[in-house]
Structures are given as structure tokens and as C-alpha cells.
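I opened my notebook beside the viewer today.

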Amino acid sequence: MIRLSQVFIFLLFLSDITFLGIAWIGAYFMRFDWYPVPEPDYIPELSAYIHSLPIIIIVAAFSFISSGIYKNLLRSNHEILRVLKGCLLIFATLLAVSFFYRDFSFSRIFALHFIWMSFVVIAIERTLARKFLANMRKKGKNLLHVLVIGNHQTAIHFCDKITHNQELGLKIHGTVSKNKIFNVPGLPWLGDYVSLPDIVEKHGIQQVYVALDSKDQSDLEEINYYLRDLMVDLFHVPDVYHSLNINPEILDLDGMPLVALRQSPLSGWNSVLKRLFDIFGALVGIILLSPFFMVIAILVKFTSKGPILYAQERMGLDGTRFNMLKFRSMPTDAESTSGAVWAKKGDNRTTKIGGFLRRSSLDEIPQFFNVLGGSMSLVGPRPERPVFIEEFKGEIPNYMLRHKMKAGISGWAQVNGWRGNTSLEKRIECDIYYLTNWSIWFDIKIVFLTLIRGFVNPNAY
């Protein structure tokens, strides 16, 4: 979105190459001098590595350009990922070249040192460059002059983002809209659509952002008409504020851009990563808790009549129904006359051992087998019974969105105390927060919080 000047890009490129060369030489000393473990059979001359440096620079130039780190000013985490992509591309290219070129062979340990060192030094260099550019722009230098078209919620949110991210270097001169009934707080209203050519010329506008609410999209034809002869960059800010968004993304369908407003965050590699995490965690849980399985099974069997395990129908990912396993904590006929009943404090339907199992959450541990089988995850929104879902979905806004993620043994709502007969609204709020902010690190955090805060909860009954 934010263009960088040609001079800055060239200086950034020279800086990247310089630090890459430093990493190349540093990797040589790391391998053969400072930390020679294992002891190499042969120590090549440093000159051999210096002579190969021009080839490395050429490979690096193509790799960095291909990774897209010179196109736009990216968010810091996205930029670091592209730097990593560029470094890995260099590594892959060098492996391919060394496979065919046999006159000189680089040490594999040296190559590994080079990759991690190049990533670290370039990531640090990029962070410093970003801070330098941000300081320049906060002082009013290297700015792009911007005009925003719109005066409602989409425009307000967009302008707020720009105002709180001054390092982007966007200077908003004001807004344009069909009329001045309402204006974006803190920004002047510069005129209507007819005035666009004069406003652009007067303020030296370089970029125009169309940030209309959905109800105003019919104005686009008129706006395009008045902008048709103006030499400005034109951007469209989609209205994503009038619907609840989960994992929004810009997609491409054979050249046609699509805005995904609501989708599961688990796609591609993310789904594979979470599944591997679930399988590993379920196996560890089953092995570590196997003594509890045997003891609880014996207690359940000898304190009440009926099966040890209880399979209860629940709703999971995309509304799919599955049987969730639990250690039986109630008599087998507990709901024969009352039907499905929401568990409440002082529930007298539990067996002798059932109350303890519920309070300690030990009745839930058979769900590790659900995780292993794929119907549940270690972390996710807690699954509910379909009979209650029919009731809740009509009363609680966005309730069904929690089913865009596989149900979990524990979740963000549970580690924050929202379980049992507590606020369903707060629970849904936590579930949606989890969906919109999911990462494998978030899952790991919730697992650790579950272990630290324990399974015992005053709202579990």
C-alpha cells in the first residue's frame, strides 16, 4: 500500500547486501575459527569464500526481490517473514548449485551458520531501517499526501488507523463526501464529489482512498467519473465494519479480487500444524493420565450401575455432530423424565463420585480420544448439545460463529473463568476473540494456562 522512494529502496538494497556479506564472512569464522565443532578435516582459505561472494550477492539479489521485500512498506512481522523467505530461497539455490558444481564444496555446517546469521543481521538491519523511516515521517518528511472519500464508519476506522500509525507516512488532508451532514472527527471536510479535481490540485494529493459504507457504494460511479483524468493512485477500502469478521483476507479468483469477510483461520499449513499439535498433545495426555483413567474407571464402575464412559451428542466444526466422551457422572436414567437440563450448582443428579469428577474436570479427560480421532481439538470453543444450541442461537448474536473452529477440551473462555452456569455472552465473546486471533502460539498459551490455573473451577458442576 505504501510506496517507498527509489532512493530509499536502493539504499535498503545496498544495506541488505552489505549485511549479507558480513554474515557470509562471519559464518566462515564461526565454522572454522571461533567454534570449530566438529573439528573440520580441512580448513579452506578465507580467500576462496571471498571470491565466491559476488555469486552469493547475485543469488541474494534475485532471492530478495522474488520474496517481495522491496515492494511496499509491510507490517513488521510480515517483513520479517519475507526476509526469512528470501534467506531460505538463497539456501535452496546454493544447495541446487552445489549439487551440479563439484570443483569447490562448501561446508554444510557453514551453510547453516550462514542462513541463521544472514536472517538475524538482516532482520535487525530492517528493524533499524524501519525505525529510521518512522522517525523521519513523524517529523513530516517523506510523506504521501492523501485524500479520503467517505464520512461514515468505514472512513472513520480507516482514518483512525492512519492517525495511529504515523510511521506509514500518510498525511490526510481531509475528507470528501456527497454532503457535509456528518464528518470524520478531527479532519476537515474539503468538499463534495464535484470538487474532487480542484481539491486534488490544490493540496497536491498523491493517493485517494475510497472508504464508503456499504449503503453508499452506489456513489462509486460518480466518484470514478470525477477522478478519471487525475494522476493519483486510487484505493478502495472495503466496508468490513458492518458484519462480524473472522480471519478477513483479500483473495484472487483468476484476476478478480475477493474479500473474504468470514472464514476459518485453519486453512493450508495452519490446519496441518494444528492437527499435528493435537495428535502430539493427545498422545502425551493419554500417556500421562493413564493411571487416572484406570482409577476413575474403577470408581465409576463400583459406585453406580451403568457404563464407565458416557457418549453425549455435541456440535462441532461447521455444525457437524459427534459423540463427546466423558466419564459417566450421573445415573443412566438421569434425564429420562426431565429431558436435557442445563447443569446448575447443587445438581443432585450426580453419582457418589460424579460431583467430584465434575468439579475437578476429570470427567473430561476421555476427550483426549476425541482429539486423537479428529472430532475435537486440544484448544477451541467448548462444544454444546444441539438441543441447547437451538435455544441459544436465537437469543445470543453470533452464537453459531463459534462452530467455525473445531471444538476443544479447553478454550480461551474456560481459562478466563467463563464456564458452567456463567454468562453465555462473555463466553461467546471469548470464543470469537479466539477465532479472530488464532495462532499455534495462542493454543500453546491456553494449554499452559489450563495447566497453571488447574482443572478445578468453582463454576464447574
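What length does α14 reach from its first C-alpha to its last, and what is expected at 1.5 Å a residue? I found that α14 has 13 residues and reaches 18 Å, close to the 18 Å expected. The expected span of a helix is 1.5 Å times one less than its number of residues.

**Ground rules.** I noted that this is a predicted model, where local features need pLDDT of at least 70, side-chain atom pairs count only at pLDDT 80 or more, and totals for chains, interfaces and linings use all residues. Residues are numbered from 1 along each chain as its sequence is written, and side-chain values use heavy atoms, with hydrogens and water left out.

**Whole chain.** I counted 15 helices and 11 strands in the protein chain. Helices (H or I, at least four residues) and strands (E, at least two) are DSSP runs, numbered from the N terminus. Of the 461 residues, 44% are buried. Buried means under 20% relative accessible area, exposed over 50%, and partly exposed in between, with a 1.4 Å probe and protein chains only.

**Back to α14.** I listed its buried residues: Leu424, Arg427, Ile428, Cys430, Asp431, Ile432, Tyr434 and Leu435. They pack against α9, β10, α12 (386-392), α13 and α15. An α-helix has 3.6 residues a turn, so residues three or four places apart point the same way.

**Largest core.** Which residues touch the most other members of the largest nonpolar core? Among its 33 residues, they are Phe368, Trp412 and Tyr434. A nonpolar core is a set of buried Ala, Val, Leu, Ile, Met, Phe, Trp, Tyr and Cys residues joined through side-chain atoms within 4.5 Å. The elements giving two or more residues to this core include α9 (269-303), α11 (367-373) and α14 (424-436). α9 gives the most, with 7 residues. I then looked up tryptophan 412. Leaving aside neighbours within four places in sequence, it is in contact with Cys430, Tyr433, Tyr434, Phe442, Lys445, Ile446 and Leu449. Contact means heavy atoms within 4.5 Å.

**Second core.** I also found a separate core of 25 residues, which includes Ile17, Ile90, Leu94 and Met117. In soluble globular proteins, nonpolar side chains tend to be buried together.

**Strands.** Is β1 (residues 144-149) mostly covered or mostly open? It is mostly covered, with 5 of its 6 residues buried. β2 is mostly covered too, with 6 of its 7 residues buried. β1 and β2 (residues 170-176) pair in the parallel sense over 6 bridges. Two strands pair if DSSP finds at least two bridges between them. Valine 146 has isoleucine 172 of β2 as its bridge partner, and isoleucine 149 has valine 176. β1 also pairs with β4 (residues 207-210), in the parallel sense over 4 bridges. There, isoleucine 149 stands opposite valine 210. On β2, valine 176 stands opposite glycine 191 in β3, and 2 bridges join these parallel strands.

**Helix α3.** Why does the span of α3 (residues 53-67) agree with 1.5 Å a residue? Its 15 residues should span 21 Å, and its end C-alpha atoms are 21 Å apart. Its buried residues include Leu53, Ile56, Val59 and Phe64. Just after α3, glycine 68 takes a positive phi of about 85°.
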